[in-house]
Amino acid sequence: MTKSKWSLLLVLGLVLSLFLAACSGGDDEEPAEEPEENTEEPAEEPAEEPAEEPEASGEQVLNFINGDTIPTMDSSMATDEYAFQFLGATMEGLYRLDENQQLAEGIAIEHKVSDDQLTWTFTLREDAKWSNGDPVTAHDFVYAWQRAVDPATGSEYGPYMMGGVIKNATAVNTGELPVEDLGVKAEGDYTLVVELENPTPYFESLTTFGTFLPLNQAFVEEKGDAYATSTENLLFNGPFTLDNWESTAAEWELNKNPNYWDADTVQLEKMTYVVVKDPQVGVDLYNQGEVDRTGLSSDLVDQYSTHDDYVVTPETSVFYFKMNQTRNEALANVNLRKALSMAFDKQALVDTILNNGSIVANGLVPAEFSTHPETGETFREINGDLAVYDVAKAQEHWEKAKEELGVDTLEIEFLGGDTETSKLMNEYLKNQLESNLEGLTVTLKQVPFEQRLDLDTNMDYDLQFAGWGPDYLDPNTWLSLWVTDGGNNMMGYSNAEYDALVESAATDLATDPVARYEAFLEAEKILFEDAAIAPVYQSAMAQLISPKVQGVFVNPFGATYEYKWASVGE
Amino acid sequence: MTRYILKRILYMIVTLFVIATISFFLMKMLPGSPLNAENKLTEEQQEIVLEKYGLNDPIPVQYVNYIAGLVKGDMGISFQFDSTPVTKIILDRIGPSAQLGAQALVVGVILGVLLGLIAAIFHNGVLDFTSTIIAVLGTSIPSFVFAGLLQWVFAVNLEMFPVALWESGDLSYTVLPTIALMIFPMATCARFVRTEMLEVLGSDYITTARAKGIGQAGVVFKHGLRNALIPLVTVIGPLAVGLMTGSLVIEQIFAIPGIGEQFVKSITVNDYPTIMGTTLFFSVLFIAIILVIDLLYGVIDPRIRITGGEK
Amino acid sequence: MDKNNIPKELFKPIERKEDTSEKISRPSRSFGQDARRTLLKNIPAMLSLFVLLAIVVFSIIGPGMNEYGYDDQDLSRAKMPPRVPGLENISWLGFDGTLTEKIEGTDVEDATEKAIMRFGNKPDFTDIEVVEQGNGTKGSAEVKATFHAYDAKGMDDTYFWLGTDGLGRDQWTRIWRGTRISLIIGIVAALIDLIIGVTYGGISGYFGGRVDSFMQRIIEILVGIPNLVVIFLMLIVLDPGITSIILALTITGWTGMARIVRGEVMKLKNQEFVLAAQTLGTPNRKIIAGHLLPNMTGIIIINTMFTVPGAIFFEAFLSFIGLGILPPEASLGSLIDLGFDSLRIYPYLLLYPAILISIIMIAFNILGDGLRDAFDPKMHK
């Protein structure tokens, strides 16, 4: 009896030690002795660090939060904010945008445009180098651009950004022509000649965009599928290098690139990034001095709007809901669409739910975006409010719509996002529409972003809360969205007059800036006469930004932040 | 015994196969593919992307390929992270989760045993009452409520620990999440040990031991605890599995780059290969833990007879 | 009295009668009565039962106790703090309709100015209390600002007992409505588990042999699948909503009950009374329903008692991750999820649903323990 009991104890001990072993197994990555010291100290740590760091500095180090991991660092494959952000910081294209959103020298020193505006000749600098020492040449651009439209690459942005702009891009992408026929050629190592399909006034700003960045052919081909999956598989030619990164990394850093041609201008030595999704956590880290900038959600704005470091930065993204005229036939009725687009209080939404400096949108093209070539007025100033909140009018249209449709009640599905703020907005919009338009029932469908895109592509929704950020500084990035059968239309909107205006802006009016601009103005008016979409708001960012952060510019498109000229202040 | 183990392993494989099959076909029913994009691709491009992920084959072929891949340990390529194998994503993320889970389990079980022991020894006393209350609260209050409280009190107000994030090698980052995770195992163990202990202390051989004049300490530790702890092994398996559930929310709250956090993210971005891979990974872990515990139990407690028949 | 020396005269011979020797001096009680007695004496369990009943009643009448509907939005009254008539004058209770915050500044004036700005620049309705005088450096001064949210909005006669959420909806109404949904999910899920589990386990256990062996193989595979994984997969595939959650929870949830019932049936079916019934030619259906089930009531009730809080917890967990029910409907889990985001600044949004769900879970657990004790013959005294 006793013997067996002892053996039981022994086994029990073994079991326990197994678990202990399992535990220490988890700690294996770190040195075995350290943890003990650490457990004693934590109380002092957060307090000490922020105090020490600035003193030890004059050091040009900034610590930032990123909302998520970087999905890709392959410039041909990039489609989202974070990818373009870090491509922008680590790579350099023909130009980059300066503080005033004007072109600043990049790999290109200057360019000439032919009289017919179809041929652009860029002169490249000869001192630009890749981080492996190779010179950056015109061939790198040719290779990158060809790769972006090569159907074998499977790029989304390549054909989208280059199609209809660079000669033969669409034909190359559909496989009708070989990639060599793309309208981009290197004349020698340092001259790049680009042929365009049509005169494109905004081509300048395209040259700063991520998809147009150069690639080192030898390197990319050597790495094959592994290219751009981690720091080791990347080459940089921009102000910073991306270090300690791999595609799943939750932390990484940007370091000053000593090989950058303009390294003397770059003051920041280092930026660290950590993925934090919860804004509350971000604020806590900010308060402990561990990060130098953090975004604020609605509640946090309440709390921090009087903070010394509180900053609101306007953005150029506009959010609206799309009304799909094909699935639910009632939505083909213009009165119904008008009723819907006027029946919700946008001001209360931006003030209370968003509460981050966002402003009401009453048109498609955002405020402070693109000016009239002659008068200098902005697009929004000229066209004014095209879709405002007006319950009385909404109800008028609603009555007409019911009559025309021959119904008393109507059920409509509302497709929205599933983040905390979008959930609140969905609930609010549903409630507003239902209570202002009697007899209307709105059913909510809340899905993750990716799923929403899929439903959009299949036009499998009635109303969809969606948004758009510009890809270049020209009204075309907005108005080309809704041409008949356009790749982003996806709601069955079609108006021949609208199509003609947008088309002529891209072709026969392309060389006449004023007429072209007015065509866009006219097109937007038509869009809202048809009540094709219901604009809701234009976004802004409410943030806490440490006064240490100096000289960071916010771009209206592409990479959100420009760090080349940034420094640590104070 | 060998026959029993082999049989169990066979079951394990069948179960995994069923899970793989079900999750595969469920995922096929869902909208979404790597083609999700703001801008449409041309037909040719779609072909190429689908080819890359092997999605242009008929579904039965895809299924066979998937299962064949699994056998070789290949779970496919993530949609979310370009060209990254799912296996790598799981391996990258498993570290923090494993560490947290192990810490929570070990600390939780040890504290739970102590609490339960105290409660049993001071049966019906104040200490019993207190530890019972702790146990009831611990099993009842959802871990995410605890996590929020801990974060607020100890990190934000008292600044004793980091609010969130993960610093590999720095244990201070693990304290709060570990506590939040360990509450449930602790409470469960405490209740379990208390009941077992009371039962053991009331049994005949303990009375005999007392009659022989063995002191309270001797009775409790030498005779009581040992026998009370044996059945605890059966509880630990489900607890370890429960930690996986807990880790999903705890990792979110404390922004820890673990596998649970990745799983939730994969769900929101429709990264099906990763969802399936993680699902299978969880399942393997779960089934393996249960198997090991069952076998261990048979070894520890000779009263449990394993013959391959009914238990 | 000296126990060792009892006077002999105290001993009286007992009168022996044939018919009294078998007499039971205590009143005879059935097992059920016995269990009830034990339960009634168990104060924590009775208290829990009472609390649960109260919560059920409130989940029915609670939403109708004021004039606000669960989806009556009004952004002009968003995020109002709790205010209860009668209790509003007792400031430490937190029902006085004020918001309090500490605000830092370089000196008292600066901090005061910021504090007033913080609450919409309404100095008349903002009380300032100086906490730290400060010395002119950044963040050295601190004031405590108390903002009378109701008075400032001219809503003197309005009372939101538990405040309002970010869309101006009455939190009291939403919490009880959410409780109702959570309870429905918990109870329905438990009932489905019970029905499937008892039927499956009963059939498997009673018929034994090949039927049993086949049915057990299925269960073994199902049990092998982590329930978390099943629930996730189901919810990804199904449209969100109460039905989906219940379905996801029960799809493998019943296996626990089935196993227990099967074990119990196998134990019972070999006992004499069942053999007797079988010998008498009672049909199987009647034996299961009339003889076996009554003997398993205890264990089934106990198991169900623990299933309900389990389901409620899982629903809350799913809502917290964002896979829960569809708004504008609320559940305790979705309310907690929303409250979590504003924990620091509007803690009441998290506090009350969190307390409520904790109470429900605790009460179910204690009651379950009490029932277990009650149905355990060893515990009867």
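## Helices H4 and H9 of chain B

In this predicted model, helix H4 (residues 86–121) of chain B packs on helix H9 (residues 216–229) of chain B at an angle of about 125 degrees, and their axes are 12 Å apart. H4(B) is therefore oblique to H9(B). The two helices cross in the right-handed sense.

H4(B) contributes Val113(B), Leu117(B) and Ile121(B) to the contact, and these residues meet Gln216(B), Val220(B), Phe221(B), Leu225(B) and Leu229(B) of H9(B). Sorted by class, the contact of H4(B) with H9(B) holds seven nonpolar residues, one polar residue and no charged residues.

Helix H10 (residues 232–253) of chain B meets H10(C), with the axes coming within 11 Å and crossing at roughly 35 degrees. The crossing of H10(B) and H10(C) is left-handed.

On the chain B side the contact is made by Thr245(B), Leu248(B), Val249(B) and Ile253(B), and on the chain C side by Phe314(C), Phe317(C), Phe320(C) and Ile321(C). Seven nonpolar residues and one polar residue make up the contact of H10(B) with H10(C), and no charged residues take part.

## Helices H8 and H10 of chain C

Within chain C, helix H10 (residues 284–321) also packs against helix H8 (residues 242–269), at an angle of about 155 degrees and with the axes 10 Å apart. The angle is over 145 degrees, so H8(C) is roughly antiparallel to H10(C). H8(C) passes H10(C) in a right-handed crossing.

From H8(C), the contact draws on Ile245(C), Leu249(C), Met257(C), Ile260(C), Val261(C), Glu264(C), Val265(C), Leu268(C) and Lys269(C). H10(C) supplies Leu292(C), Asn295(C), Met296(C), Ile299(C), Ile300(C), Asn303(C), Thr304(C), Ala311(C), Phe314(C) and Glu315(C). The contact of H8(C) with H10(C) divides into 13 nonpolar, three polar and three charged residues.

## Aromatic pairs

Over all chains, a search of the whole structure finds 54 aromatic pairs. One of them joins Tyr150(C) and Phe160(C), in a tilted arrangement with 6.4 Å centre to centre and 35 degrees between the planes. Tyr150(C) belongs to helix H4 (residues 149–152) of chain C and Phe160(C) to the loop between H4 and helix H5 (171–207) of chain C, so the pair ties together parts that are 10 residues apart in sequence.

## A four-stranded sheet in chain A

Chain A has an open sheet of four strands in the order E1-E10-E9-E8, with mixed pairing. Strand E1 (61–66) and strand E8 (240–243) of chain A are the edge strands, each pairing on one side only. On average, and with direction ignored, neighbouring strands of this sheet are turned by 20 degrees against each other.

Strands of a sheet pair through backbone hydrogen bonds, in either a parallel or an antiparallel sense. E1(A) and strand E10 (residues 270–275) of chain A pair in the parallel sense, over six bridges. Asn66(A) has Val275(A) in E10(A) as its bridge partner.

Tyr310(A) lies in strand E12 (residues 310–323) of chain A. The C-alpha atoms of Tyr310(A) and Ser546(A) are separated by 8.8 Å, although these residues are 236 residues apart along the chain.

With its neighbours within four places in sequence left aside, Tyr310(A) is in contact with Leu296(A), Val301(A), Tyr304(A) and Ser305(A), as well as with Ala542(A), Gln543(A) and Leu544(A).

Note on methods. Residues numbered from 1 in each chain as written. Chains lettered and ligands numbered in written order. Predicted model: local features only at pLDDT ≥ 70, side-chain atom pairs only at ≥ 80, totals over all residues. Heavy atoms only, no water. Pairing = 2+ DSSP bridges. Axes fitted to C-alpha atoms, helices over the stretch in contact; angles between N-to-C directions. Parallel < 35°, antiparallel > 145°, perpendicular 65-115°, else oblique. Left-handed = near helix turned anticlockwise from the far one by under 90°. Contact = heavy atoms within 4.5 Å. Nonpolar A, V, L, I, M, F, W, Y, C, P; charged D, E, K, R; others polar. Phe/Tyr/Trp six-rings, centres within 6.5 Å; stacked < 30°, edge-to-face > 60°.
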